[in-house]
Amino acid sequence: MAEIQQSITIGYFCAALGGIVTLALWYDFVRTGKKRFPLSLAGFLLLIHPAWTVSAIHGDCGFLKRNFSYGFTALFIGLLVIQVVFSKRGGS
C-alpha cells in the first residue's frame, strides 16, 4: 500500500510542477501579448496529466502513473526551455 501512496504523491507533485510551468507560460503571454504554442500544449498536457488520468490502485502499484508523470514533467521543462529560447530571440 505504501508503494501506491508514493506513486500517487509523486504524480501530484509532478502535476503541480506542470501547473507552475503552465502559469509561468501564461504569465509570459500576459506580459508580452504573444501567444506561442508552448502555452497551448502545456494546458493540454495539464488536462491529460497522469496524476488524474492513470489509476494507481489497479495493476502495477502506480508505477505507470509515476513513470508517465516523470515523462510529462520532462515535457513541461522542455516547453519552458522552448519558451525562453523564443523570448530571447524575439521569435513568434
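**Four helices in a predicted model**

The protein chain of this predicted model has four helices and zero strands.

Reader: What box do the C-alpha atoms of the protein chain fill?
Author: The box is taken along the principal axes. Its dimensions are roughly 50 × 15 × 15 Å.

Reader: How far does α1 reach from its first C-alpha to its last?
Author: α1 runs over residues 2–32. It has 31 residues, and its reach is close to the value expected at 1.5 Å a residue. That reach is 45 Å.

Reader: Which residue follows α1, and what is its phi?
Author: The residue after α1 is Gly33. Its phi is positive, near 80°.

Reader: Are α2 and α4 roughly parallel or antiparallel to each other?
Author: The axes of α2 (residues 37–47) and α4 come within 9 Å and cross at roughly 165°. Angles over 145 degrees count as roughly antiparallel. The two helices are therefore roughly antiparallel.

Reader: How many residues of the contact of α2 with α4 are nonpolar, polar and charged?
Author: On the α2 side, the contact is made by Phe37, Pro38, Leu41, Ala42, Leu45 and Leu46. On the α4 side are Phe72, Leu75, Phe76, Leu79, Ile82, Gln83 and Phe86. The division is 12 nonpolar, one polar and no charged.

Reader: Which helices do the buried residues of α4 pack against?
Author: The buried residues of α4 are Lys65, Arg66, Ser69, Phe72, Thr73, Phe76, Leu79 and Gln83. They pack against α1, α2 and α3.

Reader: Is Ile57 buried or exposed?
Author: Ile57 sits in the loop between α3 (50–53) and α4. Its relative accessibility is 53%. Exposed means over 50%. Ile57 therefore counts as exposed.

Reader: How far apart in space are Ile57 and Leu79?
Author: Leu79 is among the buried residues of α4. In sequence, Ile57 and Leu79 are 22 residues apart. C-alpha to C-alpha, the distance is 30 Å.

Methods:
Residues are numbered from 1 along each chain as its sequence is written. This is a predicted model: local features need pLDDT of at least 70, side-chain atom pairs count only at pLDDT 80 or more; totals for chains, interfaces and linings use all residues. Side-chain values use heavy atoms; hydrogens and water are left out. Buried means under 20% relative accessible area, exposed over 50%, partly exposed in between (1.4 Å probe, protein chains only). Axes are lines fitted to C-alpha atoms, for helices over the stretch in contact, and angles run from 0 to 180 degrees between N-to-C directions. Angles under 35 degrees count as roughly parallel, over 145 as roughly antiparallel, 65 to 115 as roughly perpendicular and the rest as oblique. Contact means heavy atoms within 4.5 Å. Ala, Val, Leu, Ile, Met, Phe, Trp, Tyr, Cys and Pro count as nonpolar, Asp, Glu, Lys and Arg as charged, and the others, Gly among them, as polar. The expected span of a helix is 1.5 Å times one less than its number of residues.
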